Every structure is written in C-alpha cells, then in structure tokens.
Amino acid sequence: MLSALTLILCCQLAGELITRFAGLPVPGPVAGMVILFTLLAIKGSVPDDIGAVADTLLRHLALLFVPAGVGVMAHMGLLGQDWLPISVALVGSTLATIAVTALVMNRLARAGSSDSAEADNG
Amino acid sequence: MGKLTDVWVYLSASPLMFLTLTLAAFQAGTWLYDRSGHKPFLNPVLTAVIVVVGLLTLSGTSYETYFEGAQFVHFLLGPATVALAIPLYRQFDRVRRSALALITSLLCGSLTAIGSAIGLGWVLGASRETLLSLAPKSVTAPVAMGITEQLGGLPSLTAVLVILTGILGAVLGPPLLNLIGVKDWRARGLALGTASHGIGTARALQVNELAGAFSGLAMGLNALATAILLPILWRLFF
C-alpha cells in the first residue's frame, strides 16, 4: 500500500519537475500520469497494490473537487458583474461541446459496437 | 455561553473542523444522490459545495480559513490524476483501436468548447477579461489558469469558471447524451472529459471504467490541445 502511494507521488514529483524545467503547457500531475502509464507499459501489468490504491483514490475523485468548488464564494463579486454572458456561455458551450464530441466519436467509432451499452444516468 | 465561544474559536482555528465539514457535506450529498436514484442534478459535488458555502457564509468564515482544513483533500487531486494511468492502461487496447476517431472527435470538441464560450460571451457583451477567463473553461484548472494568465485574463476567475463547467458537465452531460442517443461508452466518456475535465471524469468513472479511461485521456489531451489552439485563435480573431 505504502510503496504504491510512494510510487504515485514519485511520478507526480517527476511530472512537476519535467514540466517546470521544460516549460511544457501541461500540469505536473498529467505528466505524472503519462510517466506512470509508461512504467506500467514497460512492466506489462498493473501490480495489485498499485491497482488497489488507484481504485481507492479514483472511487472518491469527485470529493477532491469540493474544496476548489467552494472557492466560488470568494468570487461572487466578479461573477455578479458579467453574470448573464457567463451563465449563458457556460451552459451553452458545455452542452455544445458534449454534443459535438459525442456525436463525432459515435459516428467515427461505430465499428466496435460491442463497447456500447444501454443508456443510463452515466 | 463563554465556554461555547471558546470551543468555537479553538475549533475554527484548527484544520480538523473544515476537513470534517468537507467530508461530511460530500457524504450527505452522496446519500441524497443515492436516495434519489441518481438524479444528475443532485450531483454530490454540487450539493457539497452548496452546503459548505452556506455554512461558511452563515458562520462568517472566510474561504482562506476553510481552505486550511480542506487543502488536505485538495492535495489528493494530484495523486488521483496520476492514478488515472491505471484505468487508461487497463483499457488501452480499446483506446488504441479507436485512436484516429478519438483524436478527430477531441479536436472538434476542443474547438467547439473554445469557440462557443468566446462566441456566446462576446454576443452577450462580456468584458475582455471575462472572455479570456471563459475561453479555457473546459480545461483542467492548473492549465486553464496558466493559459488565461498568459493571454491577460483573470486566473482566479478562470478557476471558478472551470469548476462550474465541470459541475455543469457532470449534471447536464448524461441526460443530454441520452437525449441525443449516444450509448457508446467511449463516446460518452470522451465527451464528458473534453467538456468538463476531472469532474466529468469522476462522473464517467462511477458508471463505467471504459468511459472513465476515455474521459481521463480526453481531459489530458484537451488540456494540451487548448494550450496550443487558444492563443493562436485568440490572436487571429482579436
């Protein structure tokens, strides 16, 4: 458990260092994800303890956004000034992005229909 | 009564209380979400944010004070992002088989996200700073803030718009995808990750690992695509 967490943190640290020094427009943890993926590809399998730690972290991924979300309260003034364009742009653009991405992918990736499932709330 | 005030002063100065509040509010949100039979608008993140903002406002607590406790939860976002490599690795055969479709859809989605955010904001008269802060709203927060700063927007406003976009995507995405009849897990995950980064990915992972893998990948690739495309588009049109 501890060694798996250490490995994940090492990947994040390496990612932070590489993106800082190379001036890449990618956040450190995303680079860390690529590093961990590469290590797994070299090893050829996911060790049980790393899988267990990752699954635990990702099962609660949504919780981790709560502190940043509460940050909304610090910006009520800014949001109030331009509330109409902001709210229309956020809702309209989010819906358009989801629809365009999903429809293009749906059309192009239709070949492997085994990856589809009955629609649910997901 | 004096004792009680002392206890409050002590507790509110310690990280323990706001850490506990964050976890408890999210648990309450999850309970409500499960009880409702998973109604998208009862998204646990949304509920937890509303509950915490409400309690902080009522008790006159600043966001900075709250964050001293909540930062322990916030910190785990980094390791969790790294951990997205695991579902991606497990599903990589399917990702690779649809690589061309994935890249094409992602680019269409990324351009739609940037173009529609700037377009709608501009038509409705948003200021230049607001437009620049809106443009990278679909991108994971650290990258979005970097992009905005580079172009002369407001990074802190961007962070808020990114989180709001994430919540909107998680809430409105699934019913929209059902409405337009997209049942392919790859397309559903890709759309959620492109439009609403990590919060969309959290939502996709809860339902299906294949959707989660495509979503996590889309989040990373859209960050890269937007960081390259947005400055070019902005200079072309403004």
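A: **One residue and its surroundings**

Ser133(B) is located in helix 9 of chain B, which covers residues 128-134; helices here are DSSP runs of H or I with at least four residues, numbered from the N terminus. The model is predicted, so local features need pLDDT of at least 70 and side-chain atom pairs count only at pLDDT 80 or more, whereas totals for chains, interfaces and linings use all residues. Residues are numbered from 1 along each chain as its sequence is written, chains are lettered from A and ligands numbered from 1 in the order in which they are written, and side-chain values use heavy atoms, with hydrogens and water left out.

With a relative accessible area of 0%, Ser133(B) is buried; buried means under 20% relative accessible area, exposed over 50%, and partly exposed in between, with a 1.4 Å probe and protein chains only. A polar atom of the Ser133(B) side chain lies 2.7 Å from the backbone oxygen of Glu129(B). Once neighbours within four places in sequence are set aside, the residues in contact with Ser133(B) are Thr148(B), Gly153(B), Leu154(B), Leu157(B), Thr158(B) and Leu161(B), contact meaning heavy atoms within 4.5 Å.

On the scale of the chain, chain B is divided into domain 1 (2-75) and domain 2 (98-237), with bounds that come from an automatic or database domain assignment. The centres of these two domains of chain B, taken over C-alpha atoms, are 27 Å apart. Six residues of domain 1 of chain B are in contact with six residues of domain 2 of chain B. Between them, the two domains of chain B bury about 580 Å², with 70% of that area on carbon and sulfur atoms; buried area is the accessible area (1.4 Å probe) that two parts lose on being put together, summed over both. Of the area that domain 1 of chain B buries against domain 2 of chain B, 60% is supplied by Tyr33(B), Pro40(B) and Asn43(B), more than by any other three residues. The side of domain 1 of chain B that touches domain 2 of chain B consists of five nonpolar residues, one polar and no charged. In this grouping, Ala, Val, Leu, Ile, Met, Phe, Trp, Tyr, Cys and Pro count as nonpolar, Asp, Glu, Lys and Arg as charged, and the others, Gly among them, as polar.

The contact between the chains involves 75 residues of chain A and 104 residues of chain B. Chain A and chain B bury about 8000 Å² between them, and carbon and sulfur atoms give 79% of this. The count between chain A and chain B is one salt bridge, that is, a side-chain nitrogen of Lys or Arg within 4 Å of a carboxyl oxygen of Asp or Glu. Asp55(A) and Arg90(B) form this salt bridge, with the closest N and O atoms 3.3 Å apart. On the side of chain A that touches chain B, helices 1 (2-22), 2 (28-43), 3 (48-59), 4 (66-70), 5 (76-81) and 6 (83-108) of chain A each supply at least two residues. Helix 6 of chain A gives the most, with 23 residues. By residue class, this side of chain A divides into 52 nonpolar, 18 polar and five charged.

Over all chains, the count comes to five salt bridges. In one of them, Arg20(A) and Glu16(A) meet at 4.0 Å, N to O. These two residues are four apart in helix 1 of chain A, and so are separated by about one helical turn. Arg20(A) is exposed at a relative accessible area of 65%, while Glu16(A) is partly exposed at 25%. In chain B, the side chains of Arg96(B) and Asp93(B) form a salt bridge at 2.9 Å, N to O. Both lie in helix 7 (residues 92-97) of chain B, three residues apart, about one turn of the helix. Arg96(B) is exposed at 54% relative accessibility, and Asp93(B) is partly exposed at 48%.

The salt bridge between the side chains of Asp184(B) and Arg186(B) has an N to O distance of 2.7 Å. Asp184(B) is buried, at a relative accessible area of 5%, and Arg186(B) is buried, also at 5%. Elsewhere, salt bridges that share partners join Asp55(A), Arg90(B) and Glu209(B) into one network.

Definitions and conventions. Polar contact = N/O pair within 3.5 Å; in protein donor to acceptor, adjacent residues only side chain to side chain.
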